Amino acid sequence: MTHQVRAVVARGKGAPVSLETIIVPDPGPGEALVKIEACGVCHTDLHYREGGINDDFPFLLGHEAAGVVESVGEGVTDVAPGDFVILNWRAVCGQCRACLRGESWYCFATHNAKQKMTLLDGTELSPALGIGAFAEKTLVAAGQCTKVDPTASAAAAGLLGCGVMAGIGAAINTGNVGRGDSVAVIGCGGVGAAAIAGANLAGAAKVIAVDIDDRKLETASKLGATHTVNSKSADAVEAIRELTGGHGADVVIEAVGRPETYKQAFYARDLAGTVVLVGVPTPEMKLELPLLDVFGRGGSLKSSWYGDCLPSRDFPMLIDLYLQGRLDLDAFVTETIALDEVEEAFERMHHGDVLRSVVVL
């Protein structure tokens with residue numbers, strides 16, 4: 001059996017997305033069919049549309065989603081029809097070298113659905129991050145479904161599927177922020193704002209938000225930033241040092257993904273401190289640092305992949321904190337939109353007007 005559903009498709013590099021009817025097959029072994037309830041509009045979707053990931057057009061966009069399992073294929077036991085789930089792009093295999101050494105959050109062979117979703121003419125679609133959730137229904141590997149408390153708002157919960165988890169995890173998992181630490185976050189868009197929330201959850205004593213947009217700094221304060229720095233009018237490194245007794249922060253999280261801001265992060269950390277890169281650079285970017293400074297300042301320079309999260313561990317825990325009122329996921333939902341408004345959401349993203357637009361079905 002197959003299903004005809006509406007979905008957002010990117011047919012060519014830079015071309016506006018279109019709302020089309022696609023064909024979704026019933027789940028095969030190890031797969032699940034999920035009825036999407038909400039999906040965030042992430043920068044990664046825009047990168048796909050612009051050809052910044054690869055050129056495997058047409059793409060079925062959307063990956064930051066929550067919904068209800070409609071049916072499962074043979075051998076699936078972890079989720080069942082009716083389960084409320086958050087979709088993830090790290091369905092751990094359990095057998096690669098990372099999984100076998102007990103570091104499954106680095107899994108190098110994550111699962112995706114084997115069957116392909118297609119256009120009406122049979123053209124195979126490339127689902128964004130193996131998910132493709134700007135659709136009424138999508139087909140994924142069952143391991144991409146993480147069951148969570150169904151009382152959570154789908155619009156808020158789905159954001160853990162990518163950007164919010166990346167930021168929170170950059171602080172808690174990669175940066176290993178501890179009680180009493182000082183933390184600086186450079187770049188306070190969706191991921192950076194989530195890193196601030198994560199640092200606050202971890203018990204940081206001082207959380208410094210750095211951005212060039214006062215609107216984003218205001219949101220950062222609501223999510224737990226104790227200090228804000230507008231780096232358009234102040235030197236970010238000097239401001240962070242001044243706020244940390246002249247030493248620099250214990251952990252600096254770079255959530256922009258540019259050489260200039262990475263250098264700021266490098267020099268704004270304390271001796272033996274940690275820099276976490278969670279902002280995604282583009283292929284042509286180069287970084288140049290004096291090797292003596294890398295050696296002399298000690299500490300750790302880390303990259304955070306998906307917040308080094310393990311969905312089965314982190315998603316239920318963070319949803320519990322959300323339902324307890326200790327993590328304000330709703331603050332990340334700037335607006336809810338319809339499936340046919342994704343292209344307009346991309347435009348608002350360019351202007352920095354939103355943390356997240358969320359498609360609600």
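1. A word on terms before the walk-through: two strands count as paired if DSSP finds at least two bridges between them. Please keep in mind throughout that this is a predicted model. Strand β1, residues 2-10, pairs with strand β2, residues 18-25, in the antiparallel sense, and eight bridges join them. Within that pairing, Ala7 stands opposite Glu20 of β2.

2. Strand β2 has another partner to look at. Over two bridges, β2 pairs in the antiparallel sense with strand β7, residues 118-119. Here Ile23 stands opposite Thr118 in β7.

3. Stepping back to the whole chain, you will find 11 helices and 18 strands. The radius of gyration is 20 Å, close to the 21 Å that the globule rule gives for 361 residues, so the chain is as compact as a globular protein of that length. Along the principal axes, the C-alpha trace spans about 65 × 40 × 40 Å.

4. Of the contacts with a separation of 6 or more, 69% are between residues 24 or more positions apart.

5. Is Pro311 buried or exposed? Pro311 counts as buried because its relative accessibility is 3%, and the cut-off for buried is under 20%. Leaving out residues up to four places away in sequence, Pro311 touches Asn88, Arg90, Thr146 and Pro316. The C-alpha atoms of Pro311 and Trp89 are separated by 9.1 Å, although the two residues lie 222 residues apart along the chain.

6. Helix α8, residues 259-268, is worth a look for its packing. Its buried residues are Pro259, Thr261, Tyr262, Ala265, Phe266 and Ala268. Which elements do the buried residues of α8 pack against? The helices are α7 (236-243) and α9 (291-297), and the strands are β11 (182-186), β14 (249-254), β15 (269-277) and β16 (300-303).

7. Now for the open space. The largest pocket has a volume of about 1500 Å³. Its lining counts 46 residues, and those closest to the pocket centre are His43, His47, Val256, Gly279 and Val280. Helices α1 (43-49), α4, α5 and α11 (342-350) are the elements that give two or more residues to this lining. The largest share, five residues, comes from α1. By class, the pocket lining holds 24 nonpolar, 17 polar and five charged residues.

8. How many cavities of 30 Å³ or more does the count give? The count comes to one, and the largest cavity has a volume of about 40 Å³. The residues that line the largest cavity are Glu64, Leu159, Gly163, Val164, Gly190, Val191, Phe332, Leu355 and Arg356. Two or more of the lining residues come from each of α4 (163-174) and α5 (190-201). By class, the lining of the largest cavity divides into five nonpolar, two polar and two charged residues.

Technical notes. Residues are numbered from 1 along each chain as its sequence is written. This is a predicted model: local features need pLDDT of at least 70, side-chain atom pairs count only at pLDDT 80 or more; totals for chains, interfaces and linings use all residues. Side-chain values use heavy atoms; hydrogens and water are left out. Helices (H or I, at least four residues) and strands (E, at least two) are DSSP runs, numbered from the N terminus. On a 1 Å grid over the protein atoms alone, a cavity is a set of points where a 1.4 Å probe fits but cannot get out, and a pocket is an open set with protein on both sides within 12 Å along at least five of seven lines; lining residues have an atom within 4 Å of a point. Grid points are joined across faces, edges and corners, and a volume is the space filled by probe spheres set on the points. Ala, Val, Leu, Ile, Met, Phe, Trp, Tyr, Cys and Pro count as nonpolar, Asp, Glu, Lys and Arg as charged, and the others, Gly among them, as polar. Buried means under 20% relative accessible area, exposed over 50%, partly exposed in between (1.4 Å probe, protein chains only). Contact means heavy atoms within 4.5 Å. The radius of gyration is taken over C-alpha atoms; the globule rule is 2.2 Å times the number of residues to the power 0.38.
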